[in-house]
Amino acid sequence: MTRSPGEAGPSLVVLDFDGTLADSFDWFCSVLNGVADRYRFRRVEAHEVEALRLQGARAIVAHLGIPRWKLPFIARHMHALAARDAARIALFPGVPAMLADLRDAGIPLAILSSNRADTVRRVLGAENADRIEAYACGASLFGKARRLRTLLARRGVTPARALCIGDEVRDLEAARALGCPFGAVGWGYTDARALAALGPEHLFAEPADIARLVRRRELV
């Protein structure tokens, strides 16, 4: 179900997965240096983590010394590891209730992720996965805007009527490239201070805040 243009509020809520719905940051850190050794880029020391959380993906890639041509190979390997370890990755507390609240209110939901759809569905679990109407997964590291454009076109939703929600600078950049309102979450990969400095339309402190905002039929 998609809301008509005459109604207030979003016609579609587009959710990032890792760091927004799934609490995968500790898992990511646990495998990162092994991937660094395999693909010969700079390892991340424990004392660097918080500083890197203040950076966007482009700055992090540059800091790690990763050539752009290696990114698809690294991403494919990381996604295979995530599929292997899906049982170790849980949803953030409050996420299932938030998804249920939005669906009960008749809000269509989509997931836009760089991760694989099968991994996303496994971590969500059958009940939560059934609450999602559309999956736009497998986006390249800097290819979310392209996937978002295709998703909106297929759903017949204009950018101004789609609320995008994510935890990284690249999520915000993808939304802004298309003119979508963006809500930043304060519990994911990127430090909330870095996201707040970029002026998102909304900044959420907990998953319940998303449901409260959207149920009020507000975008900006």
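**Note on the predicted model: helices, strands and aromatic pairs**

1. Helix α6 spans residues 117–124, and its T119, V120, V123 and L124 are buried. Buried means under 20% relative accessible area, exposed over 50%, and partly exposed in between, with a 1.4 Å probe and protein chains only. These four cover an arc of only 130° around the axis, which puts them on the same side of α6. The arc is that of the directions from the helix axis to the C-beta atoms. Helices (H or I, at least four residues) and strands (E, at least two) are DSSP runs, numbered from the N terminus.

2. Basis of the note. This is a predicted model, where local features need pLDDT of at least 70 and side-chain atom pairs count only at pLDDT 80 or more, while totals for chains, interfaces and linings use all residues. Residues are numbered from 1 along each chain as its sequence is written, and side-chain values use heavy atoms, with hydrogens and water left out.

3. Confidence. pLDDT is the predictor's confidence in each residue, from 0 to 100. The chain averages 93, and 95% of the residues score at least 70. Over residues 1–6 the pLDDT is below 50; this stretch has 17 contacts in the model beyond near neighbours in sequence. Contact means heavy atoms within 4.5 Å.

4. More on α6. T119 lies in this helix. T119 is buried, at a relative accessible area of 1%. Its contacts include H79, A82, A83 and A86, once neighbours within four places in sequence are set aside. Just after α6, G125 takes a positive phi of about 85°.

5. Strand β6. This strand covers residues 162–166 and runs parallel to β7, to which three bridges join it. Two strands pair if DSSP finds at least two bridges between them. G166 stands opposite A184 in β7. Strand β1, residues 12–15, also runs parallel to β6, with four bridges between them. There, V14 stands opposite C164.

6. Burial of the strands. Five of the five residues of β6 are buried, so this strand is largely enclosed by the rest of the structure. A162, C164 and G166 point one way, and L163 and I165 the other. In β7 both faces are covered: F182 and A184 are buried on one side, G183 and V185 on the other.

7. Helix α11. In this helix, residues 207–215, the buried positions are P207, I210, A211, L213 and V214. Seen down the axis, they fall within an arc of 165°, so they line one face of α11. Their cover includes β1, α5, β6, β7 and β8 (202–204).

8. Aromatic pairs. A search of the whole structure finds four. W69 and F73 form an edge-to-face pair, 6.4 Å centre to centre with 75° between the planes. Rings of Phe, Tyr and Trp (its six-membered ring) pair if their centres lie within 6.5 Å; planes under 30 degrees apart count as stacked, over 60 as edge-to-face and the rest as tilted. W69 is exposed, at 58% relative accessible area. F73 is partly exposed, at 42%.

9. A pair between two loops. F92 and W187 are also edge-to-face, at 6.3 Å and 65°. F92 lies in the loop between β3 (90–91) and α5 (95–104), and W187 in the loop between β7 (182–185) and α10 (192–196), so the pair ties together parts that are 95 residues apart in sequence. F92 is buried, at 11% relative accessible area. W187 is buried too, at 16%.

10. Cluster and charges. F25, F28 and Y189 form one aromatic cluster. The charged end of R53 sits over the ring of F25, 5.7 Å from its centre. R121 places its charged end over the ring of Y135, 4.0 Å from the centre. A charge sits over a ring if NZ of Lys or CZ of Arg is within 6 Å of the ring centre and within 35 degrees of the ring normal.

11. D23. This residue lies in strand β2, residues 22–23. D23 is partly exposed, at 37% relative accessibility. The C-alpha atoms of D23 and I89 are separated by 6.4 Å, although the two are 66 residues apart along the chain. D23 touches I89, A90, L91 and F92, not counting residues up to four places away in sequence.
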